[in-house]
Amino acid sequence: MLKNFWYAVEFADRVGREPRKVTCLGQDFVLYRTESGAVVCLSDLCVHRGGALSMGTVNGDCITCPYHGWQYNAEGVCVRIPANAAERTIPRKARVDNYPTLERHGMVWAFLGDLPEAERPPIPEIPQWDDPAFRAVEYEMVVDANYERTFENVVDASHTPFVHGTAFGNPSKPEIPDFRVSQTDWSAEADIQLSPPPPKGLWGLLSRGKPRPEYVTVTNAWYLPNIVKLHVRLPIGDLILYDFNIPLSQDRTLVKILGFRNFFTGAWADANARKRIEKILLQDRPVVESQRPELLPFDLSDELHVRSDALQVAYRRRRAQLIKQGWWVQGDDIITGDGPRRTATVIPSPARRDNPELASAWVHKARNGGTPQ
């Protein structure tokens, strides 16, 4: 898992004044909105006795732990300890990590890492969100597989004829013509020629009579750390899916999807669009859950790659570079879902680096990433 990235952790319309627990990189966070509507993201771990702040209440811009009533402000600083007499000061270590947030493209993004603002990788552009020609639907599903396996699965064009042969894959034409990968430090993209079968159901009925080319251009792209774009140019219009593969733990992934279409843009067609997205995910899920090894190998030579795997290979090479930079978190960095522990570690927030005078003011240890063991 990679730190030092903006992670889309929740659909923006699901975050309100009530505390909301989300999990990413094996760590729990609590989201809520301040009175002005700004989104707050704090470590969901009270430094007193480890209570879940997400089970507490929000008063003004502060959140109160449900266990002993400790109250934290939006910066993660404890401002009230009810059991203390009025003359007692609040300990300097009474603070939890606060993570920068942005609300963009219908998602709440949290920066999980400690890089200064100027050095942070960008949030991908999703131009369809602000384009009135497109209509969006939301969908999500938990998959019992590592997020890099689900991530690579969506990037992979050559699995389509076999896993999705009853949907949009064409088993009679499995060849993938050579394609060129365009890459930056944070993304990669390729236009790939595929030969899908005629659409079925409602889309097939409404596209009857329209010319159907033998091949269509499908754009597959990935954006670090965990997003995949799939742009399918159908005879009836464009379908564009953005998959956010959120690592809940080493072996569980929450896949959140924003699906855009510029055809049948009435609300009446939303349920059908979600049903098609669900069908695709249900076809992928048993395959990725059965992959072994469960985790993506670090060594490129541990699995065999062919020309059609160019996008996945580009990801693995870029990941290797970031691992050398110390952006990989694992082992003791992961505190959720992998058994009882006596200590908690957290993803370091920017405040730890920005304020050296607070170096000794943290209860929970932060892991700084490193080379995989």
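I call a residue buried when its relative accessible area is under 20%, exposed when it is over 50%, and partly exposed in between. The model is a predicted one.

**Entry 1: two single residues**

I looked up serine 187 and placed it in strand 14, residues 187-194. Its relative accessibility is 16%, so serine 187 counts as buried. Leaving out residues up to four places away in sequence, I found serine 187 touching Ser182, Trp222 and Tyr223.

I then turned to arginine 341, which sits in the loop between helix 5 and strand 19 (345-346). Arginine 341 has a relative accessible area of 38% and is therefore partly exposed. I also took the C-alpha separation between arginine 341 and proline 225: 27 Å, for residues 116 apart along the chain.

I traced an open sheet of seven strands, in the order 12-18-17-16-15-14-13, with antiparallel pairing. Strand 12 (135-143) and strand 13 (182-183) are at the edges; each has a single partner strand, so one side of each lacks a neighbour in the sheet.

I went through several of the pairings.

- Strand 14 and strand 15 run antiparallel and are joined by eight bridges; isoleucine 192 stands opposite valine 218 in strand 15.
- Strand 16 and strand 17 are also antiparallel, over eight bridges. Valine 228 faces aspartate 243 in strand 17, and the two strands form a hairpin with two residues between them.
- Strand 17 and strand 18 run antiparallel with 10 bridges between them.

How much of strand 17 is buried? I found 12 of its 13 residues buried, so strand 17 is largely enclosed by the rest of the structure.

Another open sheet has four strands in the order 5-6-7-8, paired antiparallel. Its edge strands are strand 5 (57-59) and strand 8 (78-80), each pairing on one side only. Inside this sheet I checked strand 6 (residues 62-64) against strand 7 (residues 71-72): the pair is antiparallel, over two bridges. Threonine 64 has glutamine 71 of strand 7 as its bridge partner.

**Entry 2: helix 4**

I tested the length of helix 4, residues 270-289. At 1.5 Å a residue its 20 residues should span 28 Å, and the end C-alpha atoms are 28 Å apart, which agrees. I listed the buried residues of helix 4 as Asp270, Ala273, Ile277, Ile280, Leu281, Gln283, Asp284 and Val288.

**Entry 3: cavities**

How many cavities of 30 Å³ or more are there? I counted four. The largest cavity holds about 320 Å³ of space. It is lined by 29 residues, and the closest to its centre are His164, Phe168, Leu230, Ile280 and Asp284. Ile280 and Asp284 were already on my list of buried residues of helix 4. The elements that give two or more residues to this lining are helix 1, strand 15 (216-223), strand 16 (227-234), strand 17 (237-249), strand 18 (252-261) and helix 4. Helix 4 has the largest share of the lining, six residues. By class I get 18 nonpolar, seven polar and four charged residues around the largest cavity.

The second largest cavity has a volume of about 50 Å³. Its lining consists of Thr160, Pro161, Phe168, Gly169, Asn170, Lys173, Leu194, Ser195 and Pro196. The lining of the second largest cavity divides into four nonpolar, four polar and one charged.

**Entry 4: the second largest pocket**

I finished with the second largest pocket, which contains about 330 Å³ of space. Of its 15 lining residues, Arg149, Glu152, Asp156, Gln291 and Gln312 are the closest to the centre. Helix 1 (147-155), helix 4 and helix 5 (310-324) each supply at least two residues of the lining. Which helix gives the most? Helix 1 does, with three residues. I sorted the lining of this pocket into four nonpolar, five polar and six charged residues.

Conventions: Residues are numbered from 1 along each chain as its sequence is written. This is a predicted model: local features need pLDDT of at least 70, side-chain atom pairs count only at pLDDT 80 or more; totals for chains, interfaces and linings use all residues. Side-chain values use heavy atoms; hydrogens and water are left out. The expected span of a helix is 1.5 Å times one less than its number of residues. Buried means under 20% relative accessible area, exposed over 50%, partly exposed in between (1.4 Å probe, protein chains only). On a 1 Å grid over the protein atoms alone, a cavity is a set of points where a 1.4 Å probe fits but cannot get out, and a pocket is an open set with protein on both sides within 12 Å along at least five of seven lines; lining residues have an atom within 4 Å of a point. Grid points are joined across faces, edges and corners, and a volume is the space filled by probe spheres set on the points. Ala, Val, Leu, Ile, Met, Phe, Trp, Tyr, Cys and Pro count as nonpolar, Asp, Glu, Lys and Arg as charged, and the others, Gly among them, as polar. Contact means heavy atoms within 4.5 Å. Two strands pair if DSSP finds at least two bridges between them.
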